[in-house]
Structure formats: structure tokens, C-alpha cells
Amino acid sequence: MTGDIVETKQCQLKDAMDLFHSGQVVKICAPMVRYSKLAFRTLVRKYSCDLCYTPMIVAADFVRSTKARESEFTTNIGDHPLIVQFAAKEAQVLCDAARIVCPFADGIDINCGCPQRWAMAEGYGACLINKPELVRDMVRHVRNQIDNPRFSVSIKIRIHEDLKRTVDLCQKAEATGVSWITVHGRSVEERHQPVHYDAIKIIKQSISIPIVANGDIKTLKDAENVRHLTGADGIMVARGLLANPAMFAGYEETPLKCIQDWVDIALEHGTPFTCFHHHLIYMMEQITSKQEKKVFNVLSSTSAVLDYLKDHY
């Protein structure tokens, strides 16, 4: 957390809550492990993405370790509005983490939706949808101890098999002062099954704070359909943006200009090769032949990738 981020307080752009009250659907880049870091956020913001999340950060590690803070959270003056997503299970620890990022971000999000075994075994992620009192305590602590009223506190959840329990969780969260709720329309057990957009619609009708719909949105047309089906105030996209970072700007596949932008941004940010290369593999999936993929996917240095792109594009 170094460099020009110290200036961000003086140079706030439109904040997240303003976006939700603009009357337009809010287009959001999801928290993605390894991928939704500063360089990628910079790219999608160039292509009509309104709001970006950091990858999930374990709050306890973040509070305890300077090294974790420096490696997990980087931002800059143009990286707004920005939501920092935390995995947490203790109210005061979450609050301490929120206090650290408060000068540099527009809000925090509590991860109540990660279905990975390790996260749930540690008491993080989707197991929190079964602990509404703990979620309430965490939200309350942050609300009481962060004195910036514009600093948002949101939650990202999955749904229960019994939707009444999800509605109850959301109503309790709303009463505690949650700014908005992102709903991934699958249960913890579901991975690739169809998303329950009808469930998101029922949740939207049950509360008055903004709802963000998440799950299987690959194109701008998908986003428009999901907004129509659910009445959601925002649309959050993960894999769809990895495959096409220009998706929200209406492109059906990644334009070459976007690939060039990624190269420029990644080199400027000193993005590690593996991450730089993986993003390109995702972006070029739709526009390269099987034979080209075989060659491109095994390149092992930045210079080899740059030479390939120069020769082929």
C-alpha cells in the first residue's frame, strides 16, 4: 500500500452508494482469487465497469502481517470506486482490517459465499449464511467504529435450499445497516447447475436496499436479461470479464485494442508473468484456433508472449 494511494482521500471519484442511486444498473467486477488485482481492475474500468472488488483477503492475516498487507492490497488514485472483500469470522478483526483500508477504499464486503472447503472449515465464506447473528455483529462493529458515513459495508452470499432462510438473513442484514447485498444464485452444494434467478428476484422483492445479481453472466445481453429477470440494481461478473474484459462496453469478444491495453497496463504495473499470461489465455480463448492455443499457452516468458502477439496480431 505505497506510492500515490495516499492521495486518494483528496481525490474521491463518484462513490459506490452514488452508483446505486443513479438509476442505472451498476456493472461490477467480481472478487476473483489471483485475478481481480489492480492491473486487471485498471483494464476493466477502461471498458465501462463501474465498480471493482479486490480478491478476497483473509482479515486476520491482513491485520497481523505487514507482508500480507503489502502483497494482498495495492491500489492507486484511479482505482475507484473500490470495494475490499474480506474473509472474516470475528467482528473486531474485521473492524481492524476495515480501519486499515478505509483511507484507500470506498467500502468493504464480507465474503459469505465462498464454497471452498478450506474457507468453510476455517469458519469463513458460505458457512456464514447459517450465522446471521455473527454477520450482524460484524456489520455493526464496522458501522460503529468507522466514522465515514459514505464507507459502504456489503455482504456477498449464496442461497439456502430453503429460500425463507436466505430472505431472513437478508432482512436481518438490512436492519443492521448493510449497504447492499450481492446474491450468487446457487446453494453451497451447487457448482455448475443453472443459477436460480427466481430466488434473486424474491430476495429483491423482500428488502429495500440494493441487490446485486451474480452467477453465469457471460455477455452484456446476459446482464440485461438477468437484470430483467431479477430486478437487480447491479450485475456482478467474474469469468465473463476474464474471457472478455470489454464485455460491459458491449463487445461480444475481446477486441484487439483491449489486448493491447492489457499488455501496456500489465507491463506498467510489473504484473508477474504467470498472471500476465493467464489473463491473455482467457482473453484470447474465443479468438484463437486450437493450433494457436497450443503454441501460445505454453510460452514461458514475457518477451516470448510479446513476440508472439507482434507476429500474429
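The model is predicted, with local features requiring pLDDT of at least 70 and side-chain atom pairs counted only at pLDDT 80 or more, while totals for chains, interfaces and linings use all residues. Residues are numbered from 1 along each chain as its sequence is written, and side-chain values use heavy atoms, with hydrogens and water left out.

Q: Why are α8 and α9 called oblique to each other?
A: Helix α8 (residues 163-176) and helix α9 (residues 197-206) pack at an angle of about 40°, with their axes 10 Å apart; helices here are DSSP runs of H or I with at least four residues, strands are runs of E with at least two, and both are numbered from the N terminus. The axes are lines fitted to C-alpha atoms, for helices over the stretch in contact, and angles run from 0 to 180 degrees between N-to-C directions. Angles under 35 degrees count as roughly parallel, over 145 as roughly antiparallel, 65 to 115 as roughly perpendicular and the rest as oblique, and α8 and α9 are therefore oblique.

Q: What is the handedness of the crossing of α8 and α9?
A: α8 passes α9 in a right-handed crossing, a term used if the near helix is turned clockwise from the far one by less than a right angle, whereas anticlockwise gives left-handed.

Q: Which residues of α8 and α9 meet, and how do they divide by class?
A: With contact taken as heavy atoms within 4.5 Å, Leu163, Thr166, Val167, Cys170 and Gln171 in α8 meet Ala199, Ile202, Ile203 and Ser206 in α9. These contact residues comprise 6 nonpolar, 3 polar and no charged, where Ala, Val, Leu, Ile, Met, Phe, Trp, Tyr, Cys and Pro count as nonpolar, Asp, Glu, Lys and Arg as charged, and the others, Gly among them, as polar.

Q: What makes a space a cavity rather than a pocket?
A: On a 1 Å grid over the protein atoms alone, a cavity is a set of points where a 1.4 Å probe fits but cannot get out, and a pocket is an open set with protein on both sides within 12 Å along at least five of seven lines; lining residues have an atom within 4 Å of a point. A search of the whole structure finds 1 cavity of 30 Å³ or more, and about 50 Å³ of space lies in the largest cavity, a volume being the space filled by probe spheres set on grid points joined across faces, edges and corners.

Q: Which residues line the largest cavity?
A: The lining is formed by Ile281, Met284, Glu285, Thr288, Glu292, Lys293, Phe296 and Asn297, with the largest share, 3 residues, coming from α14. By class, this lining has 3 nonpolar, 2 polar and 3 charged residues.

Q: What lines the largest pocket?
A: The largest pocket, which holds about 940 Å³ of space, is lined by 34 residues, of which Pro31, Met32, Gln116, Arg158 and Ala238 lie nearest its centre. Its lining has 17 nonpolar, 9 polar and 8 charged residues, and α11 gives the most, with 3 residues.

Q: Where is Arg34 placed, and what is its phi?
A: Arg34 lies in the loop between β1 (26-29) and α2, and has a positive phi of about 75° although it is not a glycine. The second largest pocket has a volume of about 480 Å³, and of its 25 lining residues, Arg34 is among the closest to its centre.

Q: Is the peptide bond from His80 to Pro81 cis or trans?
A: The bond is cis, with omega near -10°, and Pro81 lies in the loop between α4 and β4 (82-87).
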